[in-house]
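Subject: Structure handover and notes

Hello,

Please find the structure below, followed by my notes on it. They can be read alongside the coordinates in any viewer.

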Amino acid sequence: MNQNIVKMYTDGACSGNPGPGGWGVVLLYGMQQKTLNGAEANTTNNRMELMAAIEGLKALKRSCHVEVTTDSEYVKKGITEWMKSWKLKNWRTANNKPVKNQDLWQALDEEIKRHHVTWHWVKGHSGHPENEKADTLAREAILTLNHKGIK
């Protein structure tokens with residue numbers, strides 16, 4: 001494995017959509033692994049997918065080459081295909097409607113400025129070990145909310 005590349009696997013989950021949601025991240029650098037997760041009481045699956053990418057990149061203390069793997073076509077296409085146009089149109093879609101989750105897209109845009117990022121998509125729940133682990137982390141975060149009595 002190339003020691004100069006951080007591999008990041010992200011996933012988001014929601015119990016109801018909207019509803020309680022969680023995000024999970026697996027970071028791999030050489031032989032080191034770090035996992036992160038978090039939750040929100042009332043959110044959507046797309047917001048949690050974005051939060052996973054944001055929080056994973058935010059956790060990196062210095063500028064890195066990062067290979068992000070997500071099972072969210074929304075995140076992958078948003079960052080690689082749609083965002084440039086949204087920014088040119090002052091965060092409006094092709095239909096001239098406000099971009100949903102603009103706050104998180106802008107936060108992700110800020111985080112990627114610090115790194116050299118490549119984006120990969122993997123089919124969710126297809127047995128990809130790191131994607132499955134990120135999914136488990138996201139679901140565990142939701143359970144933590146439920147244990148605190150937040151539903």
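Glu73 is partly exposed, with a relative accessible area of 43%; in this scale buried means under 20% relative accessible area, exposed over 50%, and partly exposed in between, with a 1.4 Å probe and protein chains only. The side chain of Glu73 forms a salt bridge with that of Lys77, at 3.5 Å from N to O. A salt bridge here is a side-chain nitrogen of Lys or Arg within 4 Å of a carboxyl oxygen of Asp or Glu. Lys77 is also partly exposed, at 32%. Helices (H or I, at least four residues) and strands (E, at least two) are DSSP runs, numbered from the N terminus.

Before the rest, the basis of the values. This is a predicted model, in which local features need pLDDT of at least 70 and side-chain atom pairs count only at pLDDT 80 or more, while totals for chains, interfaces and linings use all residues. Residues are numbered from 1 along each chain as its sequence is written, and side-chain values use heavy atoms, with hydrogens and water left out.

By the rule above there are eight salt bridges. Among them is Glu110 with Lys113, where the closest N and O atoms are 2.8 Å apart. Glu110 is partly exposed at 45%, and Lys113 is exposed at 56%. Another pairs Glu111 with Arg114, with 3.2 Å between the closest N and O atoms. Here Glu111 is buried, at 13% relative accessibility, whereas Arg114 is partly exposed at 31%.

Next, the aromatic residues. Rings of Phe, Tyr and Trp (its six-membered ring) pair if their centres lie within 6.5 Å; planes under 30 degrees apart count as stacked, over 60 as edge-to-face and the rest as tilted. The count is four aromatic pairs. One of these is Tyr74 with Trp105, edge-to-face, at 5.3 Å centre to centre and 65° between the planes. Tyr74 belongs to helix H2 (residues 73-88) and Trp105 to helix H3 (residues 102-112), so this pair ties together parts that are 31 residues apart in sequence. Tyr74 is buried at 17%, and Trp105 is buried at 0%.

Trp105 also pairs with Trp86, edge-to-face, at 5.2 Å centre to centre and 65° between the planes. This pair again links distant parts of the chain, with Trp86 in helix H2 and Trp105 in helix H3, 19 residues apart. Trp86 is buried, like Trp105. Tyr74, Trp82, Trp86, Trp91 and Trp105 make up one aromatic cluster.

Asn131 sits in helix H4 (residues 129-147) and is buried, with a relative accessible area of 2%. Beyond its neighbours within four places in sequence, Asn131 is in contact (heavy atoms within 4.5 Å) with Tyr9, Thr10, Asp11, Asp71, Val122, Lys123, Gly124 and His125.

Regards
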